[in-house]
Amino acid sequence: MEKEMIDESIDVANRVAMSMLGVHYKFGGNTPAGGIDCSGFALVLVKALGIVSWRADMTAAGLHDMLIKRGGASRAADKIVTGVGKFIFYGREKIVHVGWFLNNWQMVSAQGGGKRIFNLFRAGRANAFVKVLPWWYRADVNSIVDVRPILSRMDFGTEQGMQR
């Protein structure tokens, strides 16, 4: 895929991410209408990019592994290179959270919840919503995965590429 198409695809993902600001957190949620957790939020973006089908569902760790298997460029936490078109994964021994870089300083993610947040009332009380935060709001960065290498190998003439 040409650079312009990759940039356009990432811009679409950014617009989708920003359109979900304020959506309430729901543990295990995967739709903006019903509530969403961090992996559900990230999957909406991956689906918008056409990387997986709209039926896919996985955890943050599963999403990380899938992106790596598909050729996403990963950086260890000690070699952080920020920027748009990248997912940031958190967790010391195992990946437990994921967000999407909007720019070099900010990421957007469904966060502030946990297993006890399963409805709008509890999300409101916990201030658990999709929101923009500085990427360093957590100290346990695990890795960063750039989706550009995946997008560069996609053929948008195929059904997989037409998922957008």
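## Close-up views of a predicted model

**View 1. The buried face of helix α3.** The buried residues of α3 are A60, L63, H64, M66 and L67; here buried means under 20% relative accessible area, exposed over 50% and partly exposed in between (1.4 Å probe, protein chains only). Looking down the axis of α3, you will find these buried residues within an arc of 165°, so they line one face of the helix; the arc is taken from the directions from the helix axis to the C-beta atoms. Helices (H or I, at least four residues) and strands (E, at least two) are DSSP runs, numbered from the N terminus. After α3 comes G71, with a positive phi near 105°.

A word on the model: it is predicted, with pLDDT of at least 70 needed for local features and 80 or more for side-chain atom pairs, while totals for chains, interfaces and linings use all residues. Residues are numbered from 1 along each chain as its sequence is written, and side-chain values use heavy atoms, with hydrogens and water left out.

**View 2. The largest nonpolar core.** This core has 40 residues, and those with the most contacts inside it are F41, I51, L63, L67, F87 and W100. A nonpolar core is a set of buried Ala, Val, Leu, Ile, Met, Phe, Trp, Tyr and Cys residues joined through side-chain atoms within 4.5 Å.

**View 3. Aromatic pairs.** Rings of Phe, Tyr and Trp (its six-membered ring) pair if their centres lie within 6.5 Å; planes under 30 degrees apart count as stacked, over 60 as edge-to-face and the rest as tilted. The count by this rule is five aromatic pairs. Y90 and Y137 have ring centres 5.9 Å apart and planes at 65°, so the pair is edge-to-face. Since Y90 lies in strand β4 and Y137 in the loop between β7 (129-134) and β8 (141-146), the pair ties together parts that are 47 residues apart in sequence. Y90 is buried at 0% relative accessibility, whereas Y137 is partly exposed at 28%. The rings of W135 and W136 are also edge-to-face, with centres 5.7 Å apart and planes at 85°; W135 is buried at 17% relative accessibility and W136 partly exposed at 48%. F87, F89 and W100 form one aromatic cluster.

**View 4. Strands β4 and β8.** These two strands pair in the antiparallel sense over five bridges; strands pair if DSSP finds at least two bridges between them. I88 stands opposite I144 in β8. Five of the six residues of β8 are buried, leaving the strand mostly covered.

**View 5. Salt bridges.** A salt bridge needs a side-chain nitrogen of Lys or Arg within 4 Å of a carboxyl oxygen of Asp or Glu, and the count by this rule is four. In one of them, D7 meets K3, with the closest N and O atoms 2.6 Å apart. D7 and K3 are four residues apart in helix α1, so about one helical turn separates them. D11 and R15, also bridged, have their closest N and O atoms 2.2 Å apart and likewise lie four residues apart in α1. Another salt bridge joins R148 and D146 (3.7 Å, N to O); R148 is partly exposed at 26% relative accessibility, while D146 is buried at 15%.
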